[in-house]
Amino acid sequence: MTTTSVLAAHGGTKALDIPRPHYQWPAVTAELEQAVRAQLHRSLSDRDASGVIGEFEAAFARFVGAPHAVSFASGTSAIHAMSRIAGLRPGDAVIAPAYTFFATATPFAHDGIEVRFADADRYGNVTAATLAEKLTPAVRAVILTHMWGNPCPMDEIVQFCGTHNLLLLEDCSHAHFASWRGRRVGTFGDMAVFSTNQKAITTGEGGVLVTADDRYRELALLFGHYNKRCQKEIHPGAEYYPYAFTGMGLKHRITTLGAAIGVHQLDHAPDIETRRRTILTRYASGLADNPVITPAIVPETDGQHGLYVLGLRFNPANASVSRDEFVALCQAEGATEVDAPGSTRDISTEPLFARRDPFAPWVPRTPPATELPGVAAFADTFIKIPLWGYAGDAPLVDGYLDVLTKVSTAVAR
Ligand SMILES: *Cc1c(COP(=O)(O)O)cnc(C)c1O
C-alpha cells in the first residue's frame with residue numbers, strides 16, 4: 001500500500017488540501033460587483049417593471065423559453081402564488097413528491113390543502129405510476145420537482161394529468177438548465193417556479209413563476225405585487241381588476257439588487273452552462289467504472305441535466321462501509337462539500353401536513369406514514385457534490401474526483 005492510498009481518516013495524507021470554502025455561488029467577479037453598484041445608484045425599490053425587475057423577468061422568460069415570467073421574493077412565495085392561482089382551497093388535494101425540499105409542498109399546507117405524497121424512481125423523481133397511486137377524487141393538481149437536476153419523465157406525466165384533468169405545476173428549482181426530450185423544463189406544466197436562492201441561477205433570495213397563460217400571469221401579479229404594477233399591467237376588463245390597487249393582501253417582490261444579480265447571471269448563463277456541463281461530463285466519465293458510487297444522470301436520449309449539483313448513488317453492496325461513513329471518509333480527505341443532504345428527504349410525515357385548519361391551535365400531529373420504498377432506496381444512498389462553474393475551479397474539480405476515487409478504491413469489496 002503506497003502512502004498516498006492510506007485514507008486520511010487512518011493517518012494517511014489528505015488527497016485534497018485547499019482552504020475552505022470550497023463552493024461559493026455566485027462567483028463574485030468585478031463585473032458582478034459593478035452590476036450591483038450600478039443598481040445601488042439606479043434604484044433600491046421599484047414599484048413597477050419599468051426598471052431592473054422587468055429586465056430580469058424578460059431575460060428569465062427568454063432563458064426558459066416561456067412567454068411570461070413574474071419574479072417573487074422567494075421560490076417558496078412563488079409556489080404559494082401558484083397554489084392560489086390554481087384556485088386550490090381546503091377540501092382539495094395536490095399530489096407532491098415525498099422526496100423533495102419541503103418548500104415544494106409546504107405552501108399548499110399553509111392554506112390547509114391536503115398534500116398526498118408520491119414515491120420516487122431511481123432518480124428521486126415522481127413518475128406517472130407513482131402519481132397514479134395517490135389519485136383520489138379530491139386531487140386537482142400535481143406539483144413535481146425535477147430532483148437534483150434530472151428531469152422527470154414528462155411525456156407520461158403530461159398525459160396522466162391530461163387524462164385526469166389535473167393542473168400540472170413544476171418546481172424547477174434544481175433544474176434551471178434541464179430539458180426533457182428536447183424541451184425545457186418549466187414549459188410542460190400550466191405554471192412552473194424556479195427558486196433563485198443559491199441555485200444554478202441566483203438572485204441571492206428570489207423566485208420566478210413562469211407560464212404561457214396570460215390570465216395566470218396577471219393573477220401572479222395580484223398575488224405577489226400590487227398597486228402601480230397591477231394597475232398598469234392587468235387588463236381593466238378582467239373580473240379581478242378591482243383587486244389591482246390592493247393586490248390580494250400580500251407583497252412578495254424581489255429586491256432590485258437581487259434582480260440586478262439575476263440579470264448578470266442570465267447574461268452569463270451560456271458560460272455557466274458550458275462550464276457546469278463540462279464538469280458533469282468529466283465526473284460521469286471519471287466515475288464510470290467506480291463500483292461504489294454511480295452518477296445519477298438521466299440518459300442523453302431522455303434529457304439534459306439541470307446542473308444544480310451532481311447527485312451520486314452509493315452502492316452499499318459493493319462497499320465495506322455505510323453511505324454516511326463513506327461521506328465522512330471523503331470529508332476527512334479534505335472534500336468537505338461531499339454531502340448526504342439532510343433537509344431534502346422524505347417530508348411526508350412533517351406535522352405541517354397534518355394541519356388542515358390553518359388557524360388551529362398548536363396541536364402537534366403527525367401525518368400517517370405511507371409506503372414509499374422508492375424514496376427510502378433513493379434517500380438512503382444519495383450523495384451530492386457541487387458542480388462549481390467559475391474561473392479557477394479546476395483544482396477543486398480535480399481534487400474532488402481524486403478524493404471520490406481514492407475513498408472508493410479503499411472501501412470497494
Ligand atoms: C430552494 C428550493 C425551493 C424554495 O425556494 P426558496 O427560494 O428558498 O424559497 C423550493 N423547492 C426546491 C426543490 C428548492 O430546491
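From which domains does the lining of the largest pocket draw at least three residues each? It draws them from domain 1 (8-24 + 268-411) and from domain 2 (30-267), with bounds that come from an automatic or database domain assignment. The model is predicted, so local features need pLDDT of at least 70 and side-chain atom pairs count only at pLDDT 80 or more, whereas totals for chains, interfaces and linings use all residues. Residues are numbered from 1 along each chain as its sequence is written, and side-chain values use heavy atoms, with hydrogens and water left out.

**Largest pocket**

- The largest pocket has a volume of about 320 Å³; a pocket is an open set of points on a 1 Å grid over the protein atoms alone, with protein on both sides within 12 Å along at least five of seven lines.
- Grid points are joined across faces, edges and corners, and a volume is the space filled by probe spheres set on the points.
- The pocket is lined by 24 residues, and those closest to its centre are Phe-101, His-174, Asn-197, Lys-199 and Tyr-308; a lining residue has an atom within 4 Å of a point.
- Helix H3 (75-85), strand E3 (99-101) and strand E9 (191-195) are the elements that give two or more residues to this lining, and H3 provides the largest share, with three residues.
- Helices (H or I, at least four residues) and strands (E, at least two) are DSSP runs, numbered from the N terminus.
- The lining of the largest pocket comprises seven nonpolar, 13 polar and four charged residues, where Ala, Val, Leu, Ile, Met, Phe, Trp, Tyr, Cys and Pro count as nonpolar, Asp, Glu, Lys and Arg as charged, and the others, Gly among them, as polar.

**Second largest pocket**

- The second largest pocket has a volume of about 260 Å³.
- Its lining consists of 15 residues, and Ala-27, Thr-29, His-268, Ile-272 and Gly-389 lie nearest its centre.
- Helix H1 (30-42), helix H9 (256-267) and helix H10 (269-286) are the elements that give two or more residues to the lining of this pocket, and the largest share, three residues, is from H10.
- By class, the lining of the second largest pocket has seven nonpolar, five polar and three charged residues.
- The second largest pocket lies between domain 1 and domain 2, because both give residues to its lining.

**Enclosed cavity**

- One cavity of 30 Å³ or more is found in a search of the whole structure; a cavity is a set of grid points where a 1.4 Å probe fits but cannot get out.
- The largest cavity holds about 30 Å³ of space.
- Its lining is formed by Ala-109, Gly-112, Ile-113, Val-115, Leu-352, Phe-353, Ala-354, Arg-355 and Arg-356, which divide into six nonpolar, one polar and two charged residues.
- Both domain 1 and domain 2 give residues to the lining of the largest cavity, so it lies between them.

**Domain interface**

- The C-alpha centres of domain 1 and domain 2 are 25 Å apart.
- In all, 42 residues of domain 1 are in contact (heavy atoms within 4.5 Å) with 47 residues of domain 2.
- The two domains bury about 3,700 Å² between them, 63% of it on carbon and sulfur atoms; buried area is the accessible area (1.4 Å probe) that two parts lose on being put together, summed over both.
- His-268, Tyr-308 and Thr-344 supply 19% of the area that domain 1 buries against domain 2, more than any other three residues.

**Selected buried residues**

- Ser-179 lies in strand E7 (residues 179-180) and is buried, at a relative accessible area of 11%; buried means under 20% relative accessible area (1.4 Å probe, protein chains only).
- Leaving aside residues up to four places away in sequence, Ser-179 touches Pro-151, Arg-184, Val-185, Asp-302, Gly-303 and Gln-304.
- Val-126 is in the loop between strand E4 (114-118) and helix H5 (128-132) and counts as buried at 1% relative accessibility.
- Val-403, in helix H13 (residues 394-411), counts as buried at 0% relative accessibility.
- Beyond residues up to four places away in sequence, Val-403 touches Ala-15, Leu-16, Cys-330, Glu-333 and Ala-335.

Technical notes: Buried means under 20% relative accessible area, exposed over 50%, partly exposed in between (1.4 Å probe, protein chains only).
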